[in-house]
Amino acid sequence: MQFLMLWEQMEVFTMSNNNDVLLSARNIRKSYYIGTPNELEILHGIDLDIRKGEFVSIVGQSGSGKSTLMNILGILDRQTAGEYSLNGIDISNAPAKELAKLRNRHIGFVFQTYNLIARTDALSNVEMPMLYAGLSPKERRARAEELLEMVGMTERMHHTPDELSGGQKQRVAIARAMANNPDIILADEPTGALDSGTGRMVMDIFHDLHEKQGKTIVLITHSNELAAETPRIITISDGNIISEKTQEIKIIRPTAEERKEIC
Ligand code: ADP
Ligand code: MG
């Protein structure tokens with residue numbers, strides 16, 4: 001108990017004394033054992049800093065190591081070597097039971113296959129992370145309704161995932177990712193299973209979250225076209241960062257009417 005309190009204090013301390021770097025990866029390596037004596041190294045020493053408020057894409061071909069990297073950045077998996085810190089907290093030294101809490105509080109995930117809970121309506125799916133964060137039923141409900149409204153899903157909030165289209169499911173998943181007001185959203189091929197019109201709508205939601213709410217977003221994609229929409233593009237190939245580019249972006253958005261037609 002005492003240790004937990006110390007940990008909380010340490011977190012506050014590191015956050016308030018940190019500059020604006022949110023994610024910091026140093027020489028991250030990831031290997032898998034594929035039967036003795038073979039070890040297959042997938043990530044070969046990734047160095048990456050992501051600052052508060054950035055919208056970054058990590059782009060690369062299938063098999064280049066994007067999801068492996070995202071799983072480490074999202075504390076879903078651990079690196080084999082190297083250092084990784086989130087909000088100034090060195091993850092490799094964090095007690096195991098703190099990792100889930102860190103994830104729940106600081107990171108919102110969006111996956112290609114939505115990962116919603118089946119036979120559970122949109123509202124309850126969005127409420128779930130808040131349940132773990134300890135919010136009251138009333139607070140959870142109010143915030144979930146607000147988030148579903150933000151992604152234009154108010155009318156379908158009582159529908160279960162199997163009653164929703166791919167685009168609608170992804171909108172629910174984005175609302176869920178925002179539930180605990182995370183510092184960062186990690187999205188792994190969020191439009192990968194969607195047609196281009198619906199994918200466009202999902203990208204527009206990310207742009208809105210970034211521009212209007214200042215969210216930090218990491219978009220993992222194999223699509224150069226999607227990556228081209230973000231102010232910072234990191235290209236990964238065979239487990240190495242091979243290039244990095246920053247750019248000013250200007251996006252022509254569809255009008256509200258055009259969006260309605262798409263949905
Ligand atoms: P991407 O998301 O860019 O398509 P991944 O990160 O999923 O790539 O995979 C990168 C490489 O790591 C691939 O060659 C994949 O086969 C391999 N890989 C992923 N997970 C494992 C695992 N658990 N064991 C062995 N190899 C793996
Ligand atoms: Mg992948």
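This is a predicted model: local features need pLDDT of at least 70, side-chain atom pairs count only at pLDDT 80 or more; totals for chains, interfaces and linings use all residues.
Reader: How many helices and strands does the protein have?

Author: Helices (H or I, at least four residues) and strands (E, at least two) are DSSP runs, numbered from the N terminus. The protein has nine helices and 10 strands.

Reader: How is the packing of two helices described?

Author: Two packed helices are described by the angle between their axes and the distance between the axes. Axes are lines fitted to C-alpha atoms, for helices over the stretch in contact, with angles from 0 to 180 degrees between N-to-C directions. The axes of H6 (residues 166-177) and H7 (residues 196-213) come within 9 Å and cross at roughly 15 degrees. H6 is therefore roughly parallel to H7 (angles under 35 degrees count as roughly parallel, over 145 as roughly antiparallel, 65 to 115 as roughly perpendicular and the rest as oblique).

Reader: Which residues of H4 and H6 meet?

Author: Two residues are in contact if their C-beta atoms, placed from the backbone, lie within 7 Å. Ala122, Asn125, Val126, Met128 and Pro129 in H4 meet Val172, Ala175 and Arg176 in H6. The axes of H4 (residues 122-133) and H6 come within 8 Å, crossing at roughly 30 degrees.

Reader: Which residues have the most contacts inside the largest nonpolar core?

Author: In soluble globular proteins, nonpolar side chains tend to be buried together. A nonpolar core is a set of buried Ala, Val, Leu, Ile, Met, Phe, Trp, Tyr and Cys residues joined through C-beta atoms within 7 Å. Here the largest has 60 residues, and those with the most contacts inside it are Val126, Leu148, Ala175, Leu186, Ala187 and Val218. Leaving aside neighbours within four places in sequence, Ala187 is in contact with Val110, Phe206, Ile217, Val218, Leu219 and Ile220.

Reader: Is Ser85 buried or exposed?

Author: A residue is buried if 20 or more other C-beta atoms, placed from the backbone, lie within 10 Å of its own, exposed if 12 or fewer, and partly exposed in between. Ser85 counts as buried because it has 20 C-beta neighbours inside 10 Å. Ser85 lies in strand E4 (residues 81-86).

Methods
Residues are numbered from 1 along each chain as its sequence is written. Chains are lettered from A and ligands numbered from 1 in the order in which they are written.
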